[in-house]
Amino acid sequence: MRVELIDVDGHNFPSLPLMKISAWHKRQGDSAEWYNPLTAWQNPPDRVYMSKVFTFTPDYTHPVNAAEIIKGGTGYNYPDGKPDLPPEIEHIYPDYSLYPALCKNTAYGFLTRGCPRGCDFCIVESKEGRQSRKVADLPEFWNGQKNIVLLDPNFFACREWKELSQQLIDSGAWVDFSQGCDIRIMTEEKISFLQQMKIKQIHFAWDRYEDKEIIIPKFEEFKRLTGWDYRKMGVYILTNFNTTIEQDLERIYILRDLGYSPYVMIFNKQDVPKGHTLRRMQRWTNSRITFNAVKNFEDFR
């Protein structure tokens, strides 16, 4: 079978489903490569897989010519949802050769899925369930690479967090918790496991302004116990959901003063016009050079 693939979101971040689909087909003796709209009309592939993560990503603009077309991912299926990849594909080692630059000495994957929080702005509950559970051991997607990028939505809410943390420690690889870990459930014990890992970066999230009285002491404690600075500690800040610009700026300033690196996320960004204050605030905050040079947003031009 000739299989071709389309990463509808673009090639700025590797598509884990497509890498697994490619690996499975190659194991069956099939060919798997990127879809080429220029050659497909003379020689159509047997099957094309189209993957889309984000609902706001425009669909693929070219006509697709193939005997069979399969579309998948949250960008296509949300909110109705569809079953996950079959187990034999979900638990296969990914084909990192699809993204040679992004996956150079880097492994990507999930050790856990789901989150107990069930926040209104987040799709994880409907997609993965309201419980953090172990779904894999590290060797499922890591084989000695120097870097590991974890995609887990709430790693430390999983009851097997110790076992999985020890796997990350034993790997000796640099670990990037790319999604927003929950600072509210961090304890001295969990922090001690983190300190045994080679942490490239860890991201937290301060999505709800009303958590201010709970979350600030937890950030202070984490900073005190680790001694890390903003280069390792990022915090996603949800905006354009139920907060004002003043509340957004307050969180940004607090986190900066605590020694963290705030990163503004705009909810439904596609609905926010260019030049809007939120977009300007995002450019100011998310550019490390600008953010360090211009201390107050009102001075940013």
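Biologist: In which sense do strand 9 and strand 10 pair, and over how many bridges?

Modeller: Strand 9 (residues 174–181) and strand 10 (residues 198–206) pair in the parallel sense over six bridges. Two strands count as paired if DSSP finds at least two bridges between them. Strands (E, at least two residues) and helices (H or I, at least four) are DSSP runs, numbered from the N terminus. This is a predicted model, in which local features need pLDDT of at least 70, side-chain atom pairs count only at pLDDT 80 or more, and totals for chains, interfaces and linings use all residues. Residues are numbered from 1 along each chain as its sequence is written, and side-chain values use heavy atoms, with hydrogens and water left out.

Biologist: Which residue of strand 10 is the bridge partner of Cys181?

Modeller: The partner is Phe204. Between strand 9 and strand 10 the chain passes through helix 6 (residues 188–196), and this β-α-β crossover is right-handed. Right-handed means that, with the strands pointing away from the viewer, the path from the first strand over the helix to the second runs clockwise.

Biologist: What about strand 10 and strand 11?

Modeller: Strand 10 pairs with strand 11 (residues 233–239) in the parallel sense over five bridges, and Ala205 stands opposite Tyr236 of strand 11. The chain crosses from strand 10 to strand 11 through helix 7 (residues 212–226), in a right-handed β-α-β crossover. Helix 7 lies across strand 10 and strand 11, at about 170 degrees to strand 10. Axes are lines fitted to C-alpha atoms, for helices over the stretch in contact, and angles run from 0 to 180 degrees between N-to-C directions. Contact means heavy atoms within 4.5 Å.

Biologist: What is the strand order of the open sheet?

Modeller: The open sheet of six strands has the order 5-8-9-10-11-12, with parallel pairing. Strand 5 (106–109) and strand 12 (261–266) stand at the edges with a single partner strand each, so one side of each has no neighbour in the sheet. From one strand to the next, the twist averages 20 degrees.

Biologist: Changing topic, which residues of helix 1 are buried?

Modeller: In helix 1, the buried residues are Leu16, Leu18, Met19, Lys20, Ile21, Ser22, Ala23 and His25. Buried means under 20% relative accessible area, exposed over 50%, and partly exposed in between (1.4 Å probe, protein chains only).

Biologist: Against which elements do they pack?

Modeller: The buried residues of helix 1 pack against strand 1 (2–7), strand 2 (31–34), strand 3 (47–51), helix 3 (87–90) and strand 5.

Biologist: And what follows helix 1?

Modeller: Gly29 follows helix 1, with a positive phi near 95 degrees.
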